[in-house]
Amino acid sequence: MTQEASLIADRLASIRMDLPKDVTLVAVSKTKPVELLADALSAGQLDLGENRTQEMAEKAVHFARPDIRWHHIGHLQTNKVKQIVPHAHLIHAVDSRRLLDEIDKRSRTANRVSSVLLQLHIAQESEKHGLDDSGLMALLESLETHPLSHTKVEGLMGMATFTDDSTQVAKEFKRLRQQFDALNPGRWTTCSMGMSGDWKIAIDEGSTLVRIGSAIFGQR
Ligand SMILES: *Cc1c(COP(=O)(O)O)cnc(C)c1O
């Protein structure tokens, strides 16, 4: 085992130790070379997160392993949906009906059902993507009146403000979890929140899936 491989295995083990059993750990491997992803896979980490369509598609083809669960965690452009639909286990950051329709269309063509999360804007920074409360409501209503055939909404995803103020971060995660509980039609499974710097707060606030990159693979 290389030194880097044992470092990754150690970090994964220590995070898993602090993670409640029913919380999914997604190791965010974006920008990292396939050698490091292989190290994580060897350590039993099969949920991997990428935020660029092309990079995710290339890595999925490289490994060609049906047991890997690829998570598309970043902002997604409509014209890139086609690239990832065949590979994605879960698409995290969906924030428009247009995007949902494209995912549905491409999923039908690929003869599969895609699982997605709707992104709620919870941070103070205005540049972060995501729906506001009324946009989320409207989107859910549109799904009632015009359901999708090949796309399944599994829950919500959010990113907290990038700040050392843990009270602020906790408040934002709490809001996401509250919306998850309030709007949950009883079928949602996943409340995706928490990254390297704030995942412990996210767990305390009811996250069911954390997306951790640099704390596993090192700084990007
Ligand atoms: C990069 C990224 C992460 C992981 O960030 P780290 O701080 O490295 O853990 C999580 N979620 C999203 C949406 C990201 O783009």
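**Reading the pocket and its ligand**

Guide: Gladly; keep in mind that this is a predicted model. The lining of the largest pocket is made up of nine nonpolar, eleven polar and seven charged residues.

Visitor: How is empty space found in the first place?

Guide: A probe the size of a water molecule is rolled over the atoms, and this shows where empty space is left. Here, the largest pocket holds about 660 Å³ of space. It has 27 lining residues, and K30, K128, M159, M195 and R220 are the closest to its centre.

Visitor: Which space does the ligand take?

Guide: The ligand takes the space of the largest pocket. Around the ligand are V28, K30, I73, M157, M159, M195, S196, R211, I212, G213, S214 and R220. By class, this shell has six nonpolar, three polar and three charged residues.

Visitor: What lies 2.5 Å from an oxygen atom of the ligand?

Guide: That is an N or O atom in the side chain of S196. The backbone takes part too: a polar backbone atom of G213 is 2.8 Å from a ligand oxygen, and for a polar backbone atom of S214 the distance to a ligand oxygen is 2.8 Å. On its own the ligand has 390 Å² of accessible area, and the protein covers 90% of that.

Technical notes: Residues numbered from 1 in each chain as written. Predicted model: local features only at pLDDT ≥ 70, side-chain atom pairs only at ≥ 80, totals over all residues. Heavy atoms only, no water. Near = heavy atom within 4 Å. Polar contact = N/O pair within 3.5 Å; in protein donor to acceptor, adjacent residues only side chain to side chain. Areas by Shrake-Rupley, 256 points an atom, 1.4 Å probe, with all protein chains shown as cover. 1 Å grid on protein atoms, 1.4 Å probe; cavity = no way out; pocket = protein on both sides within 12 Å on 5 of 7 lines; lining within 4 Å. Sits in = over half its atoms within 2 Å of the grid points. Nonpolar A, V, L, I, M, F, W, Y, C, P; charged D, E, K, R; others polar. Points joined across faces, edges and corners; volume = space filled by probe spheres on them.
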